[in-house]
Amino acid sequence: MKNLRVLAVAAMLGLGPVAVAQQTETSLSYYLPADASYNNTIPTPKEILGYNVGEWHVSHDQLVMYVRQMAELSDRMEIVEYARTHENRPLYLLTITSPENLRNIEQIKAQHKKLTDPAQSGSLDISKMPAVVWMGYSVHGNEPSGSNAALLALYHLAAAQGPEIDKLLSETVILLDPSINPDGLNRFASWVNTHRGKNLVTDANSAEFDEAWPRGRTNHYWFDLNRDWLPLQHPESKGRLAKFHEWKPNVLTDHHEMGTNSTFFFQPGIPSRNHPLTPESNFKLTQKIGDFHAKALDKIGSFYFTEENYDDFYYGKGSTYPDANGAVGILFEQASSRGHAQESENGVLTFPFTIRNQFTTTLSTLQAAQAMREELLAHQRSFYKDALNESKKAGTKAYVFGSEKDKARAYHLAEIIKQHQIEVYRPKEAFKINNTTYTPENAYIILTEQPQYKLIEAMFEKRTTFQDSLFYDISAWTFPLAFDLEHAALSSRNYKPTQLGLKVENLSFPKGEIAGGRSDYAYAFEWHDYYAPRALNTLFEHGITARVATDKFTTAEGKQYDYGTILIPVTGQSISSEALQQVLQEVATNNGIRIHALNTGFNPQGIKLGSPMMQTLEQPKILMLMGDGVNSYDVGEAWHLLDNRFDMKPTMVKTNDFNRIGLNRYNVIVMADGNYNTISKDKLRNWVLQGGTVIGMGEAAQWLADNGIGNIRFKRTEPDTAAQKPYADMANTTGAQVIGGAIFETNLDLTHPLAYGYTDAQLPIFRSNTLFMERSKSPYANPVMYTANPLMAGYISDPNLELLRNSAAVDVSAVGAGKVIAMPDNPNFRAFWYGTNKLFLNSIFFGQIINSRSARADEEAH
């Protein structure tokens with residue numbers, strides 16, 4: 001009785017039962033509904049894990065053990081592995097429903113998917129169909145209350161007895177994803193469990209609450225998987241989305257955590273920050289579901305808020321993506337204990353308390369889905385019917401995109417689009433629009449008259465006007481701009497149905513080949529292809545010497561070669577001409593590039609193959625700084641690009657170790673966005689003076705400028721102090737000056753080594769900061785410049801737009817024999833910004849060959 005009184009007081013205060021969780025063996029009663037009875041043949045989490053839920057943070061292997069055990073013992077559950085993480089951990093999805101429904105699950109699934117097909121959905125009797133609810137937990141690994149609540153959800157759904165649970169399982173199909181980010185969850189659980197004492201320490205200064213860099217939020221490559229629902233760059237996301245579209249759920253929950261001093265949030269968010277493509281009915285349904293959460297949280301005495309903060313704008317988030325797919329996405333944000341128990345403004349916040357709120361809203365979601373079942377099913381049916389009707393009235397009938405010189409980039413965009421269940425076609429024959437020719441070989445067409453019309457528009461639109469000026473995430477993500485592809489919106493005036501060719505059922509990676517057979521003289525391939533850098537690095541790995549053309553040339557056969565063409569001599573190599581051909585054939589196939597056999601060094605036009613302008617290249621030996629002070633997202637994106645996509649081997653070095661290691665083995669240092677005050681600026685400068693190339697991105701470029709490493713200048717921005725303003729408006733006023741993420745136009749100098757491989761002088765760049773780099777006094781130091789009217793898509797305030805006009809996007813300066821390359825923007829953003837990857841890779845491969853005399857002249861001009 002005493003323990004029950006302690007629990008009641010703790011609940012009223014918004015606290016968790018620190019002492020009770022340690023002293024009692026009946027802690028499940030803290031979480032579970034008081035009026036529910038349970039099958040005692042189904043093991044509790046403690047009976048399998050050896051501890052009560054909330055006493056320790058569950059590791060992923062323990063969670064997997066419990067998930068598998070429940071699926072084996074319960075006739076209400078089926079389990080499937082839908083993906084493996086980068087660290088080879090399994091991701092599971094459980095299908096939970098009545099035994100009768102499970103026996104007919106494939107028919108239920110097929111019938112449910114018909115709701116998304118306007119040609120079939122009208123004939124369905126939704127009164128007899130179950131609602132489908134997707135429960136997703138802890139996409140951020142250091143927001144663990146979700147995955148730990150999943151233990152309770154599994155136990156409750158497997159063991160609860162009585163007519164109430166029977167009715168719920170009969171009228172719903174529950175898809176439960178207990179850990180969306182296994183690698184991050186395991187990293188975090190290991191930290192906090194390692195730093196937990198027998199007696200819980202609640203002091204916020206404890207090491208338990210200050211996990212080591214890069215922390216457990218992200219996946220193996222330090223990506224935020226909650227931003228990957230649209231880009232689909234990681235195995236976790238690809239596998240999950242395939243299951244999402246296999247089922248097309250009606251409701252999807254996304255369980256998160258926020259700051260320790262907060263309470264609990266559930267959607268809807270701020271109404272003015274919904275994406276305009278989302279129908280109003282979605283917001284109203286979200287509000288109605290919210291009533292169920294409010295009642296449930298009131299019942300256990302938990303404080304909460306809703307329709308404040310957060311938004312539903314970026315469709316790449318887990319709680320927003322469903323809104324463009326006929327479902328209702330629900331975000332939950334629980335104040336985080338970040339360990340086992342931590343002092344907060346509201347008292348001691350315990351881990352069990354955070355778990356209970358997540359479990360309580362799991363149950364309230366299911367209660368809402370059951371009560372609103374027909375309404376949710378009707379919404380899904382109407383969503384796709386309305387979307388198709390809108391598409392028929394829309395001015396844009398199709399989108400076309402492609403690339404004549406680089407089929408791989410177009411292939412990868414088509415690959416993403418198809419994963420979103422959007423139909424993709426090839427042109428039937430070549431056609432020209434806006435001075436660009438699109439062919440069946442290099443282009444794809446997306447008809448807008450599809451059930452996925454809303455998602456198509458979300459991926460292709462270039463929105464620059466908004467109801468609100470604040471964004472929780474990015475304000476633009478236009479995919480053809482991200483991929484820097486030729487593209488066009490086709491209206492009824494310039495699109496004819498006869499232009500449509502075959503539907504793409506199975507995408508094929510571009511075919512590579514050696515043109516012209518074996519050569520005893522030389523081979524060449526152009527730098528336009530996306531995977532040309534991987535091809536070159538593979539040659540280096542085989543010890544093969546290569547050169548780069550710093551000017552154009554034309555062979556006797558009339559083939560024109562652009563700046564940046566890679567030349568591979570046959571003589572002087574460490575392998576025979578036969579072995580060289582074999583390596584090149586493999587390289588061409590693996591990278592989808594065309595390598596040309598050359599039989600003479602005399603070219604009728606342009607430079608000759610033996611020209612001094614054919615410069616010998618060194619293999620990049622890359623040191624990439626990481627650790628405290630460095631933006632883990634940005635360095636992770638660079639690491640993922642080099643390691644996962646281009647098979648390169650950067651050496652990752654902690655900033656704390658930089659001062660003690662030798663640098664002689666490296667010729668490139670990559671500094672992602674961050675603060676580098678712990679490293680020796682003199683050591684770095686001396687290394688550059690001796691010939692090294694340092695690449696500084698984001699705040700790293702600012703750090704290089706502040707420390708006089710390179711001749712980089714940034715514009716100074718002054719705060720607006722012109723007039724007195726209301727204090728209540730401060731957050732919105734200052735927030736409106738943030739560039740959360742938008743797309744801007746730049747101009748390239750196509751003759752500069754950093755622009756090798758580009759064919760169009762216009763390059764869209766993603767920007768998410770307010771670093772504005774001044775134009776150099778030298779005419780050669782800024783190969784990439786923002787245009788006079790740079791905004792292409794997204795939000796930017798007028799003062800920031802003025803600062804951005806005609807500013808420098810890249811600065812190259814000499815420091816002795818070395819180079820400093822400054823990029824205020826992130827060219828590798830979230831792994832799907834394919835269009836600017838080449839800027840980053842060119843800095844790595846060609847920084848060494850930028851003309852030293854010219855660079856020194858630039859230095860003087862600065």
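## A walk through the predicted chain

Of the 862 residues in the protein chain, 62% count as buried, where buried means under 20% relative accessible area, exposed means over 50%, and partly exposed is in between (1.4 Å probe, protein chains only). Keep in mind that this is a predicted model: local features need pLDDT of at least 70, side-chain atom pairs count only at pLDDT 80 or more, and totals for chains, interfaces and linings use all residues. Residues are numbered from 1 along each chain as its sequence is written, and side-chain values use heavy atoms, with hydrogens and water left out.

Let's start with the overall picture. The C-alpha atoms of the protein chain fill a box of roughly 95 × 65 × 65 Å along the principal axes. A compact globule of 862 residues would have a radius of gyration near 29 Å, and the chain's own 29 Å agrees with that. The radius is taken over C-alpha atoms, and the globule rule is 2.2 Å times the number of residues to the power 0.38. The chain has 27 helices and 36 strands; these are DSSP runs numbered from the N terminus, with helices being H or I of at least four residues and strands being E of at least two.

Take contacts in the protein chain between residues at least 6 apart in sequence: 78% of them join residues at least 24 apart. Contact here means heavy atoms within 4.5 Å.

Now for some strands. Strand β4 (residues 131–137) is largely enclosed by the rest of the structure, because 7 of its 7 residues are buried. A131, V133, M135 and Y137 point one way from β4, V132, W134 and G136 point the other way, and all are buried. β4 pairs in the parallel sense with strand β6 (residues 172–177) over 6 bridges; two strands pair if DSSP finds at least two bridges between them. In β6, T172 stands opposite A131. β4 also runs parallel to β7, joined by 5 bridges, and W134 has L252 of β7 as its bridge partner.

From β7 (residues 251–258), 8 bridges lead on to β9, again in parallel, with H256 partnered by E333 in β9. Strand β9 (residues 328–335) is mostly covered, with 8 of its 8 residues buried.

A few backbone details are worth a look. Most residues other than glycine have a negative phi, and most peptide bonds are trans. The bond from W213 to P214 is cis, with omega near 5 degrees, and P214 is in the loop between α11 and α12. Another cis bond joins Q267 and P268, with omega about 20 degrees; P268 lies in the loop between β8 and α13 (280–300). R338, in the loop between β9 and β10 (341–344), has a positive phi near 55 degrees and counts as partly exposed at 22% relative accessibility. N435 has a positive phi of about 65 degrees and is exposed, with a relative accessible area of 73%.

Finally, compare two residues. N205 is in the loop between α11 (182–194) and α12 (235–247) and counts as exposed because its relative accessibility is 69%. L748, in strand β32 (residues 742–748), is buried at 9%. Leaving aside neighbours within four places in sequence, the contacts of L748 include A755, Y758, L763 and L839. P783 is 35 residues from L748 in sequence and 5.7 Å away in space, C-alpha to C-alpha.
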